[in-house]
Amino acid sequence: MRLAGLVALALVTAAPAHADSVVRIGSKSFTESYVVAEIAAQVIEATGQARVERRVGLGGTGIAYRAVAHGRVDVYPEYTGTISRAILKDPALESVEAIRAGLRPQGLTISAPLGFENTYALAVRADLARRLGLERISDLARHPELTGAFTSGFLERDDGWPGLRRHYGLALARVRTIEHALAYQALASGSVDVIDVFSTDGRLTRAGVTVLRDDRRFFPAYAAVLLARTDFVEGHPSAWAALERALVGRIDGATMTRLNALADLDGRSARQVAARFLGREVTDAEERGRLARELGTLTLQHLQLVVVAVALAVLAGVPLGILAARSATIGQAELMAVGVLQTIPALALLCFMIPLLGIGTLPALVALFLYALLPIVRGTSTGLVTLDRQLLEIADVFGLAGWRRLARIELPLASVSILAGVKTAAIWTVGTATLAAFIGGGGYGTLIVRGLALDDVTTILAGAVPAALMALLFHGLFELADRLLIPRGLRLVMVRPR
Amino acid sequence: MITVRRVSKRYGATAALDDVSLEAAPATTHVLLGSSGSGKSTLLRVVLGLVAADGGEVLIDGAPVTPRARAHLLGRVGYMVQEGGLYPHLTVRGNVSLPAEALGWAHARTTERVRALADLTGFDDAMLRRYPAELSGGQRQRVGLMRALVLDPPLLLLDEPLGALDPIVRADLQAELRRLFGALGKTVLLVTHDVREAVLFGSTITLLRAGRVVQQGTFAELARKPAEPFVTEFLSAQAPPPELREYF
């Protein structure tokens with residue numbers, strides 16, 4: 001019953017299902033993916049034939065792929081190397097035809113390459129490159145005195161440093177691990193000589209670095225393509241044709257690097273960058289106005305996520321807490337189960353939900369609901385088991401037993417503890433709900449994820465500050481709820497700080 | 001009529017009650033006297049069927065009482081504990097009405113009964129609207145008593161009904177209660193550690209020590225023919241010292 005109700009509620013609140021006039025465009029949560037997806041969105045909007053739903057900022061290949069495979073997204077930018085390795089698990093598939101054949105059974109296909117590749121590359125300081133005459137990766141073999149600092153992924157992956165070293169017969173004096181965000185600074189300061197970079201990184205345009213040519217073709221091809229559902233390609237031929245016309249072969253490496261730099265370094269929004277690419281201009285004022293409108297929508301989405309998830313958690317958690325208080329065995333099992341749920345990283349839980357519930361509001365609600373259970377179940381059961389035994393015995397003597405005793409005596413007496421649990425749950429949920437953005441669930445997290453990807457503190461704050469304010473709002477609301485829901489007689493005996 | 005026959009109750013290695021028997025005759029007050037830990041509260045809870053005895057039996061008007069068979073006590077027993085045992089989330093009226101509400105009394109009947117009891121104990125409407133936290137200790141005890149009386153039960157089980165009160169309030173209430181019990185003709189089983197209270201209320205006193213009955217009888221019997229030195233010791237421990245006797 002409860003599950004049915006949950007699903008029904010979530011369906012009511014979820015985004016509308018696939019409609020013919022809507023194209024759902026996804027992206028992963030890094031600059032380039034946002035920019036290419038936004039270009040695609042504006043191209044389709046310009047045709048005037050379909051409305052675009054942006055399901056951007058999906059948290060990683062696994063989530064984005066599942067989203068398109070399960071029909072929650074029609075198309076998103078991806079890379080051939082990623083498709084063959086991470087999705088089809090067959091690194092031998094390199095050509096577009098081979099990958100298309102591999103994807104066909106899943107009802108997916110890819111466009112022809114867009115023109116740029118985003119692959120690993122090695123970069124050195126420009127002055128060092130000039131001094132030592134470094135142009136190609138093979139040139140490094142002559143300089144074993146140089147030091148390297150690589151991101152942990154690159155250091156461990158077989159298509160990273162281990163394979164590269166074997167392939168070129170390289171040796172460096174010293175190799176360290178470094179965070180991607182810090183690598184450019186380390187290079188500029190001279191503390192390292194060689195770093196790994198992504199070949200279209202915007203920072204390459206101005207950091208005074210030289211990218212070394214992969215002269216012996218070690219790095220696999222990570223050619224950018226559009227990964228799309230076959231039913232979308234066939235069902236919307238004109239939209240697909242417009243995308244191919246505008247994007248296929250149109251974005252070379254230098255262009256993409258420049259577009260990334262506009263977003264990452266010049267603080268332009270993905271929408272502004274995409275418009276620039278398409279020969280239009282979106283002014284900062286327009287962009288600010290749009291952000292303000294977006295903030296309104298996101299506020300409603302966030303509020304909806306929190307209110308629905310916490311309301312469902314109260315409906316389920318209070319009875320579970322009552323059950324836990326009735327039987328020590330059930331109580332232990334229950335609190336353990338709910339506690340284990342709590343230890344699953346939110347992103348992993350969201351990822352597990354996609355095959356079951358897809359992406360969007362519904363899986364986000366279910367995950368938030370599960371997270372909100374613990375404090376409510378615990379608050380309820382603790383409130384009930386710590387009640388004064390004598391007061392319960394007196395009720396027994398009066399013949400007030402079972403459900404009547406629960407409703408008339410136990411729950412009101414435990415109301416302080418129950419409400420404390422609900423309050424904790426609500427305030428946690430305001431925070432956790434920001435993660436919903438990773439699976440297209442909307443809310444303030446959308447801005448935080450986008451800001452993190454674009455390295456744009458203003459956008460991060462535009463999401464984080466309202467989230468903090470909403471947490472405060474809930475705190476205030478619960479102070480009010482305390483007055484309404486905790487019997488006056490109990491409030492009289494509560495010790496309050498003055 | 002309350003009959004306790006050879007009741008025993010152990011908590012682990014401790015004997016809370018050891019072969020306890022007593023009888024409380026109709027319309028009398030029977031006092032269970034003893035220091036804390038003597039088992040008097042446990043005995044009251046066994047009589048109410050809240051705790052199962054390990055051995056022996058409890059009969060109320062001839063019918064046995066156990067935790068499984070205590071439905072026949074509903075509405076026939078008033079129960080009150082130290083400091084009233086009031087529900088902090090209910091007003092005075094809510095607390096007093098609760099037993100009637102549990103039995104499904106009509107609203108008007110409950111209201112009328114609460115009014116009658118309020119008159120008896122000197123509570124006005126404003127007081128009935130107060131919460132336990134807004135009452136003095138003596139007022140709370142009165143509310144506990146009203147609640148025990150609301151169904152007009154023939155039996156009253158009172159556990160330290162006047163404990164934790166300052167002496168003057170206590171003396172006032174003692175007098176009030178004694179008058180009440182006499183007037184209403186209740187069968188009362190009253191637990192106290194206070195010898196003077198026992199004298200005041202008890203037609204019969206059962207003196208308990210470590211779960212065992214030391215002596216049973218009127219105060220005069222206990223004072224004049226103590227069954228063992230402990231009786232005298234217990235009775236005199238709470239008497240005023242000799243140099244103050246002339247003042248009493």
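Trainee: Which domains does the domain assignment give for chain B?

Mentor: The domain assignment divides out domain 1, covering 1-21 + 52-64, and domain 2, covering 88-154, and in this predicted model the C-alpha centres of these two domains of chain B lie 32 Å apart.

Trainee: How do you know what confidence the predictor has in chain B?

Mentor: The confidence score runs from 0 to 100, and on that scale chain B averages a pLDDT of 88, with 97% of the residues scoring at least 70. Within chain B the confidence is lowest in H6(B), at a mean of 78, and highest in H2(B), at 94. For the complex, the predictor gives an ipTM of 0.88 and a pTM of 0.75.

Trainee: What makes H5(B) largely enclosed by the rest of the structure?

Mentor: A residue counts as buried when 20 or more other C-beta atoms lie within 10 Å of its own. Of the 13 residues of H5(B), 10 are buried, and therefore the helix is largely enclosed by the rest of the structure. Among the buried residues are B:Arg140, B:Val143, B:Leu145, B:Met146 and B:Leu149, and what covers the buried residues of H5(B) includes strands S6 (77-80) and S7 (155-159) together with helices H2 (92-102), H3 (107-121) and H6 (167-184) of chain B.

Trainee: Why are strand S2 and strand S5 of chain B said to stand at the edges?

Mentor: The open sheet has 4 strands in the order S2-S1-S4-S5 (chain B), paired in the antiparallel sense. Strand S2 (14-24) and strand S5 (63-64) each have a single partner strand, so one side of each is left without a neighbour in the sheet.

Trainee: What makes up the contact between chain B and chain A?

Mentor: The contact takes 20 residues from chain B and 18 residues from chain A. On the side of chain B that touches chain A, S6 and H2 of chain B are the elements that give two or more residues, and H2(B) provides the largest share, 3 residues. By residue type, that side of chain B divides into 16 nonpolar, 3 polar and 1 charged.

How values were computed. Residues numbered from 1 in each chain as written. Chains lettered and ligands numbered in written order. Predicted model: local features only at pLDDT ≥ 70, side-chain atom pairs only at ≥ 80, totals over all residues. Buried ≥ 20, exposed ≤ 12 C-beta atoms within 10 Å, placed from the backbone. Contact = placed C-beta atoms within 7 Å. Domains from an automatic or database assignment. Pairing = 2+ DSSP bridges. Nonpolar A, V, L, I, M, F, W, Y, C, P; charged D, E, K, R; others polar.
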